[in-house]
Amino acid sequence: MKNNIDKQQYKIAVVANMSAGKSTFINALFGDSILPAYSHATTDCPIYIYSDDNPENDKAIVEFTDDKPTIELAKEDVPKEIKFYAQKDDDSLDNKYKNVKRIDLHWDFHVLQNSQKYDKKFILIDTPGPNNTDEHAFKHSDITRNIIINEADMVLYLFDYGQIDANLESSENNLWGLIKQRKEQDPNFEVFFVINKIDKAFEDNKKIPNIISSSSKDEFYTNIKKHWLYHEEIAISKIKNSAIKYGFNSPKIFTVSSKFIEYYRNKKNLNFDHLDDIDEFMKFFKNIFGNNWDIKFHDYLGYKIIEKELKKHLNIDEQIFKPIKRKKIKYKKK
């Protein structure tokens, strides 16, 4: 049996432009709602996530760029403290949260759980957004560039459905340019392209003339079904064309709704506002697809498809993708 030091590390970097929902995506897809996720840019330093099958190992180790010594947050302190260490220095009122270099988060996520019996050690990296326009822009770009070019074995590249058109072009230092450069260096470098917030396409689909002209509720849902995934497929086509243009000949493209994945996976512990949101979302599928709504609903959330493809790409067995652990975490209205 190999110890943790001897194991081969496999690093999966999650990258996205600002406000694409990167941290929410990681929380939703991989496990616990532990990473700070807000509507504005949050992650100011890289967070390296080490997930194993022993919850007693849960903790966070915080390194700094100044003279402050490295600290260790106990399991019970991580949920309330990590958001302050991960935010921008400008947003921190207490100096103890400033000048963070990196955070190593050891947490029992329900996907990619490492174990002593496996030869590989999977590490998920939550990267800073590289396209900020403030004084943090260079720092974030430099960190993200180094992770993509020198560290990551694969990348999950997130897009906000509502911002796709603004993020299709490549430049030397944007995310397209960086993954293109890495792909040229290593033809086997894998990228999963992920369109997040796909549920926003619902509103675009409702504007289709045949749907607008529906004369009854039944006709409305019938027309929605006829035009199912209309704007979703347009979004996929845009990402596909750009990916091929930049050297990814057979791009793997996924659509997800991170918010509703997270709500669904923690449904028993939601507050009333979010419970109403997920119930209304599920009701929409029931009205369209009747008895088959459940299959369509899970397909639309997208998490099962990504998990399946990750297993296939990483050549790992079912034991690493363990059943969901629902914890008693309340979602606060933001």
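**Ground rules.** I looked at a predicted model, where local features need pLDDT of at least 70, side-chain atom pairs count only at pLDDT 80 or more, and totals for chains, interfaces and linings use all residues. Residues are numbered from 1 along each chain as its sequence is written, and side-chain values use heavy atoms, with hydrogens and water left out.

**Overview.** I began with the inventory and found twelve helices and nine strands in the protein. These elements are DSSP runs numbered from the N terminus (helices: H or I, at least four residues; strands: E, at least two). I then checked burial: 52% of the 334 residues are buried. Buried here means under 20% relative accessible area, exposed means over 50%, and partly exposed lies in between (1.4 Å probe, protein chains only). For contacts (heavy atoms within 4.5 Å), I took pairs at least 6 apart in sequence, and 76% of them join residues at least 24 apart.

In what order do the nine strands lie in the open sheet? I read 4-3-5-2-6-1-7-8-9, with mixed pairing. Two strands count as paired if DSSP finds at least two bridges between them. Strand 4 (71-74) and strand 9 (252-255) stand at the edges with a single partner strand each, so one side of each has no neighbour in the sheet. On average, neighbouring strands are turned by 20° against each other, direction ignored. For angles in general, axes are lines fitted to C-alpha atoms (for helices, over the stretch in contact), and values run from 0 to 180 degrees between N-to-C directions.

Next I followed individual pairs. Strand 1 (residues 8-16) runs parallel to strand 7 (residues 154-160), and five bridges join them. V15 has Y157 of strand 7 as its bridge partner. On the sheet I also found helix 2 (residues 78-86), which touches strand 2 (47-50), strand 3 (59-64), strand 4 and strand 5 (100-106). The direction of helix 2 makes about 155° with that of strand 5.

**Strand 5 up close.** Which strands pair with strand 5, and in what sense? Strand 2 pairs with strand 5 in the parallel sense over four bridges, and Y48 stands opposite D104. Strand 3 pairs with strand 5 in the antiparallel sense over six bridges, and A60 stands opposite L105. Strand 5 is largely enclosed by the rest of the structure, because six of its seven residues are buried.

**Core.** Of its 99 residues, F25, F30, I103, L105, V155, Y157 and F193 touch the most other members. Helix 10 gives the largest share, seven residues. Beyond its neighbours within four places in sequence, F193 contacts residues including Y157, F159, W176 and F254. In helix 1 (residues 22-30), nine of nine residues are buried, among them K22, F25 and F30.

**Helix pairs.** I checked helix 7 (residues 217-226) against helix 10 (residues 272-289): their axes come within 8 Å and cross at roughly 90°. That makes helix 7 roughly perpendicular to helix 10; the classes are roughly parallel under 35 degrees, roughly antiparallel over 145, roughly perpendicular from 65 to 115, and oblique for the rest. F220, Y221, I224 and K225 of helix 7 meet F284, N287, I288 and F289 of helix 10. I count six nonpolar, one polar and one charged residue in this contact. For these classes, Ala, Val, Leu, Ile, Met, Phe, Trp, Tyr, Cys and Pro are nonpolar, Asp, Glu, Lys and Arg are charged, and the others, Gly among them, are polar.

Helix 9 (residues 258-265) and helix 11 (residues 293-301) have axes within 9 Å that cross at roughly 125°, so helix 9 is oblique to helix 11. F260, I261 and Y264 of helix 9 make the contact with F297, H298 and L301 of helix 11.

**Two residues.** Are E72 and H274 buried or exposed? E72, in strand 4, counts as exposed at 55% relative accessibility. Beyond its neighbours within four places in sequence, E72 contacts K59, A60 and I61. The C-alpha atoms of E72 and K59 are 7.0 Å apart. H274, in helix 10, counts as buried at 9%. The C-alpha atoms of H274 and Y264 are separated by 9.8 Å.

Technical notes
Core = buried A, V, L, I, M, F, W, Y, C linked by side-chain atoms within 4.5 Å.
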